[in-house]
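Let's take a quick tour of a protein chain, from its overall layout down to a few side chains. Have a look at the structure first, then read on.

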Amino acid sequence: MERFTGADRAFCVREFYQNNNSATVARRKFREHKGLHNFYDTPALQTIKNWVAKFEETGSTLDKPRLGRPRTSRTEQNIDTVAQSIRENPTQSTRKRSSALNVSNTSLQRILKKDLLMHPYKIQLVQELKETDAIQRVNYANEMFNRFTSFNNIMFSDEAHFHINGHVSKQNCRYWSPINPKLKHQKPLHSPKVTVWAAMSAHGIIGPYFFEDGRGRAVTVTSERYVAMIEEFFTQKLQNFPGFNART
């Protein structure tokens with residue numbers, strides 16, 4: 001059983017030509033024509049383009065008789081069954097779905113990717129927000145606004161680690177090649193790095209400050225070293241900082 005009849009294909013091809021060769025509009029018109037509520041039940045954009053190309057080449061949108069062994073798994077019925085299963089439970093694993101539908105995992109993967117043009121997207125983790133969070137944020141913002149008559153003395157500070165051995169982030173590196181070069185970059189177990197601190201305000205920047213020992217070697221940032229930096233470096237720099245007013 002064909003998923004889309006010859007009349008369905010002809011309708012999409014006609015709408016394609018009548019709407020400035022737009023497969024997107026043709027797909028939307030098909031959904032409206034059939035009274036469908038889900039795009040899963042409509043032909044994919046590439047499918048419509050393939051019908052148009054076939055019509056221009058042969059004068060028909062119907063498939064030619066297939067040569068060789070007929071499909072036993074990626075049939076129109078199985079494709080419809082998988083599409084219905086996705087609509088009912090889009091988060092089910094392919095292993096469980098394969099077992100429930102009695103379709104091999106390989107065939108299921110091909111149906112999902114090649115026939116339904118789907119991709120397994122990862123779930124995104126976001127911060128949970130409660131009903132009282134919005135009010136608390138507004139109250140906190142108002143409190144800070146009323147507490148400070150001037151924001152010129154507010155300092156924003158942070159520290160960062162800088163690797164000194166040519167540390168590579170693989171997320172930022174791409175190697176274009178017709179074949180996989182299997183490029184590797186060796187890294188030590190404990191990469192040498194230096195920690196740098198700085199602060200900034202509306203009047204300028206204080207820093208940078210390097211966390212080092214007496215011999216200029218990078219050291220681990222501890223609470224004692226951080227307090228020492230505040231007392232011995234930041235406080236002294238702040239006294240001569242432009243716009244600083246100890247009373248505010």
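Starting at the N terminus, the elements of the chain run α-α-α-α-α-α-α-β-β-β-α. That comes to eight helices and three strands, where helices (H or I, at least four residues) and strands (E, at least two) are DSSP runs, numbered from the N terminus. Keep in mind that this is a predicted model: local features need pLDDT of at least 70, side-chain atom pairs count only at pLDDT 80 or more, and totals for chains, interfaces and linings use all residues. Residues are numbered from 1 along each chain as its sequence is written, and side-chain values use heavy atoms, with hydrogens and water left out.

**The chain as a whole**
- Of the 248 residues, 22% count as buried (under 20% relative accessible area; exposed is over 50%, and partly exposed is in between, with a 1.4 Å probe and protein chains only).
- The accessible surface is about 19600 Å², and 52% of that belongs to carbon and sulfur atoms (areas come from the Shrake-Rupley method with a 1.4 Å probe; for residues, only the protein chains shown count as cover).
- Take the contacts (heavy atoms within 4.5 Å) between residues at least 6 apart in sequence: 59% of them join residues at least 24 apart.

**Aromatic rings**
- You'll find 10 aromatic pairs here (ring centres of Phe, Tyr and Trp, with its six-membered ring, within 6.5 Å; planes under 30 degrees apart are stacked, over 60 edge-to-face, the rest tilted).
- The ring centres of F4 and W51 are 5.7 Å apart and their planes sit at 75°, so this pair is edge-to-face.
- This pair links distant parts of the chain, with F4 in the segment before α1 and W51 in helix α3 (residues 45-58), 47 residues apart.
- F4 and W51 are both buried.
- Y209 and F211 also pair up edge-to-face, at 5.1 Å centre to centre and 85° between the planes.
- F211 is buried, with a relative accessible area of 2%.
- One aromatic cluster is formed by W197, Y209, F211, Y226, F233 and F234.

**A charged side chain inside**
- E15 lies in helix α1 (residues 6-18).
- E15 is buried yet has no salt bridge, and the nearest side chain of opposite charge, R14, is 4.3 Å away.
- A salt bridge needs a side-chain nitrogen of Lys or Arg within 4 Å of a carboxyl oxygen of Asp or Glu; Lys and Arg count as positive and Asp and Glu as negative, while His and the chain ends are not counted.
- Leaving aside neighbours within four places in sequence, E15 is in contact with A26 and K29.
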